[in-house]
Amino acid sequence: MLVGVALVGSMALAPDADAAGTPNPPPASGSSNVSDASQAQASTPTPATTTTDGSTPPPSAPAAARGAVTIAGTPRVGATLTAETEGWDPDLTLTYQWTADGAPLAGGTHATLVVPASALGTKVAVVVTSHRGDATVDEVPSDPVGPVAPGSFTAAPSPTVTGRLRVGRVLTALPGAWAPAATFTYQWRVNGVAVSGATGRTYTPVAADRAKRVSVTVTGSRDGFTPVSRTSAPSVVIDWGVFAAAPTPVVTGTPQTGSTVGVAAGTWSPGATLSYQWRIDGRPVGGATKGWFYLDATRLGHRVDVVVTARRSGFLTAVRTSAARGPITRPFSTAPTPRIGGFFRRVGWPVTVTTGTWAPAASVAVQWRRNGVAIPGATGRAYRPTTADLGKRLTVTVTGRRPGYTTTPRTSAASPAIGAAPYGFTNSGTPATPPVAAYAPSAIKLMTDAQWAKVRADGVWRDGCPGYRTSFRRVEVPYWGLDGKTHRGWVNVNADVASSTAKIFNTLYAKKFRMHRVEGIEMFGGWEWLASKGNVSTALNCRKPSEQNSANSSSPHAWGRALDFNPVQNPYINPRTGTWDPNAPASASAQGAVRSGGLAWTVLRSYGWTWSGTDSWRDYMHFDTGYPSRPKAGYVVTPDGDEMMHGGLA
């Protein structure tokens, strides 16, 4: 064994020894536990030997010296222990393994050890292992120290208390800076007596704590350490609580005679018991101590408010007074709900409000709303929907006012959703110009199934109206527009005037008489008033009952023997209203105007048509072939479509 150690030393000191033969293996790890006799033998020089050639071999290196290890430091949790080594060969590398009761400590592989909590109560030792290269030379354990005692805090300050020392206010314990770091528990005390359940970092004094002193005991703990408790100095005495939230009350309801007002007291924090006192003109009303107050007729013209008093045990009583409401007014005996009028609910078409009759009479203000939101500037009795209203619903709020009476708003029911502008109109509600078309002379045609279905669907002809489908023709015509361009339209007329109608339009085109639009009134739902506002020249119309000026059996329009030209330039006096419809007449010299002796008048009179501009109702737009309307002589139309002509047609 010792020889092996010497050989290892020889190998390290004399590499040429390989030529003399293979050395013995180095000692195994842990083979340093040799007897004293062996150590003595190792110290005796080995007799010289000779080689085969008679020479003397070089001397072997001495064995490595075995060192010692001791532990310095106090065996206490959290303390630092140091492995002190002595007598070790400086050429050796040393490693360390700390143990607790012989079991390795995780991470304990350095010359120093911070004693962990897991070592509490055990004996700690360290094993030093020496190495030369990859070979282990020796292992030397220290004597154990211990048992390990609990750690002790090097800093454990007394806590302090922060916060307002009032009932209901939160106090907070500040434990200070402990070393090493600790985990804290708390116990609050009032006049030195522990408060049951008050073991959090915060404490809110209750009413019973008023005029007493508060302290807190903080206990610091850490694994393997002896717990330490510290108590704060007693506080000054706890004062009365004050409400953190004490809102001003609000009188609710309408302050008018015959009604009841209430109080919105708001949310008090912490909660309080509230009492009320109603006042008139600042003077308490006897017995008026409920959460509501009835305003009888004697309160007219006065002002009402309410005083709210809040109480809570341990807290200062708080008083809050509402703003006064008034002067107290009378209600209107009649405050009607407004109604939205207007035939169309479409972009560009005005709607109107009917405010109803207020009693007593009131001045009213109007506000139109879109989906419940006020429309800026929409405060008139009529409102013209815009594209912003498309698909939305309108309401109107009417507010009535009268001195001494309660200002009262009333809101209408919502309208249907606003639709797009009707056919033939722009989004601003003005007549739309028709598309430009190439010129072609007038053409007389039978109505197709689809065209006749449209005429019937819009009530232009219906069961009970004069004639049959075979009685009418569709005359497609050219015309000069008010825009100075060529357009093409059509009118539906009786078959017996189709030829003269075609000639009239050909002549008017040739002479450049201007028309805004020429179309069958079915494009406007059969409504005369709508076609008139659209400035449409039209013909056949078995008018709806609300628009009839004469019996359908007599009406030239119902028989298809009448033509209306440019209603905007050529209005009539509506017999129902006594006013011009759809508007006041244009100047006689205006483009498209029809006047006695003018271009249109001359052309239609030449074909035997009569003008109504000189009638009592001054219908400047209207021409017909006679009233009551009669079939053209010699022309017969039967329900099956047979036509018999006797003589020429005008």
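Guide: Leaving out residues up to four places away in sequence, aspartate 389 touches Arg370, Ile375, Tyr383, Leu394 and Ile418, where contact means heavy atoms within 4.5 Å. Residues are numbered from 1 along each chain as its sequence is written, and side-chain values use heavy atoms, with hydrogens and water left out. The model is predicted: local features need pLDDT of at least 70 and side-chain atom pairs count only at pLDDT 80 or more, while totals for chains, interfaces and linings use all residues.

Aspartate 389 is found in the loop between strands β26 (382-383) and β27 (394-401); helices (H or I, at least four residues) and strands (E, at least two) are DSSP runs, numbered from the N terminus. With a relative accessible area of 0%, aspartate 389 is buried (under 20% relative accessible area; exposed is over 50%, partly exposed in between, with a 1.4 Å probe and protein chains only). A polar atom of its side chain lies 2.8 Å from the backbone nitrogen of threonine 386.

Elsewhere, the largest nonpolar core has 31 residues, and Trp188, Trp278, Phe293 and Val304 have the most contacts inside it. Such a core is a set of buried Ala, Val, Leu, Ile, Met, Phe, Trp, Tyr and Cys residues joined through side-chain atoms within 4.5 Å. Among the elements that give two or more residues to this core are β10 (183-190), β17 (273-280) and β20 (304-311); β20 gives the most, with four residues. Valine 304 touches, among others, Val251, Trp278, Ile280, Phe293 and Ile328. A second, separate core of 25 residues includes Val475, Val497, Val594 and Ala600.

Isoleucine 280 lies in strand β17 and is buried, at 8% relative accessible area. Its contacts beyond four places in sequence include Val285, Arg299, His302 and Val304. Isoleucine 280 and aspartate 305 are 25 residues apart in sequence, yet 6.6 Å apart in space, C-alpha to C-alpha.

Ala600 leads on to helix α7 (residues 599-606), whose buried residues are Ala600, Val603 and Leu604. These cover an arc of only 90° around the axis, so they are on the same side of α7; the arc is that of the directions from the helix axis to the C-beta atoms. The buried residues of α7 pack against α4 (498-510), β35 (562-564) and β39 (619-624). Glycine 608, with a positive phi near 85°, follows α7.

Notes:
Polar contact = N/O pair within 3.5 Å; in protein donor to acceptor, adjacent residues only side chain to side chain.
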